[in-house]
Structures are given as structure tokens and as C-alpha cells.
Amino acid sequence: MVHACRATSTVEYASSKLLRDVPFLQAEPDGKHSLAGVARTQLRPLFPSPTTMFALQHKLQEEHTMQTRAFGRDPHQVSLLGFGAQRIVDEHDCTEEEAIAIIRRAVEQGVNYFDTAPSYSAGQSETRVGLGLEGLRDRVWLATKTGGRTRDLALRDLEGSLKRLKTDYVNEWRIHNVMQPHDLEAIFAKGGVLEAMLEAREQGLVKKISISGHTDPRLLAEAIRRFPFDSALVALSALDHFIYSFAHEFVPLAVEKGVAVIGMKVMALGKLAPWTEQALRYTWSLPVSTAILGVSKMDELEADLQAARHFQPMDDIERVAFFQEIMPLVKADVLRWKAGEWMSGEWYRLPQLSFDA
Ligand SMILES: NC(=O)c1ccc[n+]([C@@H]2O[C@H](COP(=O)([O-])OP(=O)(O)OC[C@H]3O[C@@H](n4cnc5c(N)ncnc54)[C@H](OP(=O)(O)O)[C@@H]3O)[C@@H](O)[C@H]2O)c1
């Protein structure tokens with residue numbers, strides 16, 4: 001009985017979806033019938049077999065299922081797949097038209113988390129996010145950043161970001177790229193960027209305060225010990241697992257403190273592309289709220305959506321097998337974000353740190 005009811009509602013849903021998607025079914029020539037009537041009279045012959053129904057039901061599920069997770073201390077649900085907007089720019093051979101199409105397809109498929117920054121292609125990424133999200137702003141969580149280390153520079157950044165993003169607030173404002181101890185000191189100094197963050201939050205221009213880094217997990221751990229940041233964007237690819245590991249040295253503390261963790265470098269700047277599904281599964285199996293993927297092409301988005309729809313946590317045996325395959329990539333010219341200079345081949349020499357207890 002229950003099954004029969006489900007089947008009926010699925011038929012109705014399928015019918016209404018087809019009515020939306022298939023132009024010739026959208027209007028009755030004589031306008032006499034309601035949409036439901038059209039569905040009953042015209043669509044019944046289209047679904048004669050249970051096999052077809054099952055296939056359609058599966059397709060509908062595929063199109064609409066996106067898992068969500070809480071944002072650290074905040075129960076607000078963000079999509080497992082997050083959108084990293086750094087690469088939807090001319091510099092990465094993505095036109096404005098393509099960028100807008102990719103953004104809108106992502107939202108339509110349940111992606112509700114967007115990350116950008118004013119420094120990405122001198123504001124072009126933010127401008128395109130603003131254009132792509134026109135009319136959709138209320139459906140997404142929008143994060144941008146500041147590279148400024150002083151209050152004044154940061155507030156100037158925010159003013160520009162809000163204009164380009166065509167919004168009067170962002171859900172999350174992030175301190176960009178904390179790499180060295182002097183970054184950390186500057187954040188907390190008098191007149192430092194944290195003052196701008198608190199002021200902007202007070203004024204309702206930003207809702208959450210965040211920090212990011214992909215080099216030294218100890219600096220980010222110290223930052224969240226000093227201040228109750230709402231979130232942190234950190235490097236969490238499977239290759240990051242092996243050296244200066246945020247998964248080991250940062251995530252447990254973040255979880256303990258209720259700091260939302262957002263994963264990046266998931267594709268190791270493209271080096272893990274042959275293992276897209278495993279790369280995503282590895283990161284999503286960590287206690288992250290979301291992971292942002294730096295897509296620049298529609299087919300990359302589709303691959304990531306597909307992985308999100310079918311996500312199952314990676315078990316230990318799968319993880320070890322994956323590690324065995326990718327181990328040869330654990331080297332400085334691949335893990336460039338952890339090397340001292342881009343492409344230098346030298347491992348970044350982590351400074352000696354000593355923080356007051
Ligand atoms: N400190 C910070 O706060 C910081 C730093 C860097 C990035 N970010 C953010 O993180 C986002 C992600 O960047 P990332 O550096 O972490 O990049 P990533 O995910 O490690 O690599 C993205 C690159 O992988 C390649 N790729 C191949 N298949 C892909 C697929 N299915 N999905 C996505 N990418 C695929 C693409 O390069 P090709 O098209 O060339 O193959 C793409 O440009 C950025 O957009 C940005 O928003 C933040």
C-alpha cells in the first residue's frame with residue numbers, strides 16, 4: 001500500500017518535471033486542461049513499464065540529491081560540494097558566459113556554498129560570482145576574503161567585495177592565506193585585520209569570521225586557540241595527509257572547538273584528477289562541513305556533482321589502497337602550496353614556533 005502511494009506521487013512528480021522540461025508538453029493547445037490533467041492524459045502512455053519508472057525515479061533522485069552538513073557550531077546546512085570560484089576567470093580560459101552557466105548549474109543542483117576573494121584575477125572572480133548569483137543570492141552561503149593585514153586595508157577590501165558581489169552582506173569573511181608567524185601577529189595586532197572583522201560583523205556586513213591557510217597547520221591551530229573563529233579553510237587533499245598535515249594537526253582541535261572546517265586543494269591543483277571520485281571521497285570522509293572545488297569547466301562541475309550524489313565514506317582499506325596509488329605524487333613539485341617557493345622543489349622550511357601558553 002505504502003509502495004503504491006509512493007509510486008503515485010513519483011509519477012506526479014515525474015509528470016510535473018517533464019511538463020517543465022519538455023517544451024511541447026508545457027501548454028495544452030486548447031488551454032482546457034490543468035497541468036495535472038495534461039500529466040494524466042498525455043503522460044500515462046509514456047510510462048508503461050515499471051523499468052522505465054524506476055529509471056526515471058533514479059534520474060530524478062540523481063538530479064536533486066545533495067548531502068548537506070552543519071557549519072561547525074552553527075546548524076545551518078551547507079552542501080557537501082562547495083564552489084571555489086578562483087578559476088571561473090579569463091586567466092583559466094573561462095568566459096563570463098561560461099562562468100555564469102557553471103554557477104547557475106551548480107545552484108540548481110544543490111550547491112549552496114560559494115568561496116571567492118578580491119585577489120582572484122583582480123576582482124574578476126567576485127564580479128562573475130555576483131553576476132551568476134543574480135536572483136539566487138538568498139539560496140547560497142557566500143564567503144569572500146581579505147588579504148589585508150590591517151583594519152583599514154581589510155575594510156577597503158570588503159567595500160569592493162560587496163559591490164562586485166552585488167550584495168549588502170557576506171555570510172563569511174575570511175583572513176586569506178596565513179602562511180607565516182608574522183601573518184598571525186599582524187592579525188591580532190592593534191589596528192589589525194581582526195578589528196575590521198569584528199566591526200564588520202557588528203554592522204551586519206559579515207555574519208561569520210574565518211581564517212585560511214594551506215602551509216602550516218600549527219599557525220592555524222594557534223589562531224583558533226587565540227580567537228573563536230567560526231570557520232577555517234585549510235588544505236585537505238589526500239596528498240596533504242602526508243606532510244604538514246592539517247588532517248592530523250589542525251582538524252581535531254577545530255572539531256573540539258566547533259570551528260567549521262572547509263577543505264581545499266582537494267584535487268591537488270589537478271594532479272589528482274585521474275582519481276576525482278576517490279580524491280573527493282577522501283576529503284569528504286574527514287569531519288569537514290564542505291570542500292570547495294576550483295572548477296573552471298562545466299564537465300569538472302558535473303564530475304564533482306556526480307561524486308557528491310554517490311558519496312559514501314571511504315573505509316580504511318579503500319583509503320590505504322588509494323594512498324598506495326598516489327604515494328609517488330607526495331613530493332615538493334606537486335605539493336607546491338607547501339613548498340617554500342612555487343616550483344622550487346624545496347620543501348617549505350617551517351619556522352620554529354613558540355607560543356606563550
Ligand atoms: N588560502 C586560500 O584561502 C585559498 C588558496 C587557494 C585556493 N582557494 C580556494 O579554493 C578553491 C579551490 O582551489 P584549490 O587551489 O583547492 O584547487 P584544487 O581543487 O586543488 O584544484 C583545482 C584544479 O584541479 C583541476 N581539476 C581537474 N578535475 C577537476 C574536477 N573534477 N573538479 C575540480 N577541479 C578539477 C582543475 O584544473 P585544470 O582545469 O587546469 O585541469 C582545477 O583548476 C579556489 O577556487 C579558491 O576558491 C583558497
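## Basis of the model

Residues are numbered from 1 along each chain as its sequence is written. Because the model is predicted, local features need pLDDT of at least 70 and side-chain atom pairs count only at pLDDT 80 or more, whereas totals for chains, interfaces and linings use all residues.

## Barrel and packed helix

The protein chain has 14 helices and 10 strands, taken as DSSP runs numbered from the N terminus (helices H or I, at least four residues; strands E, at least two). Eight of the strands close into a barrel with parallel pairing, in the order β3-β4-β5-β6-β7-β8-β9-β10, where two strands pair if DSSP finds at least two bridges between them.

Strand β6 (residues 170–175) pairs with strand β7 (residues 206–213) over five bridges in the parallel sense, and Glu172 has Lys208 in β7 as its bridge partner.

Of the 357 residues in the protein chain, 40% are buried, that is, 20 or more other C-beta atoms, placed from the backbone, lie within 10 Å of their own.

## Ligand shell

The ligand is surrounded by 28 residues, of which Gly84, Gln86, Ser212, Gly270 and Gly294 are the closest; a residue counts as near if its C-beta atom, placed from the backbone, lies within 6 Å. Two or more shell residues come from each of β10 (290–293) and α13 (298–309), and α13 gives the largest share, three residues.

Methods:
Buried ≥ 20, exposed ≤ 12 C-beta atoms within 10 Å, placed from the backbone.
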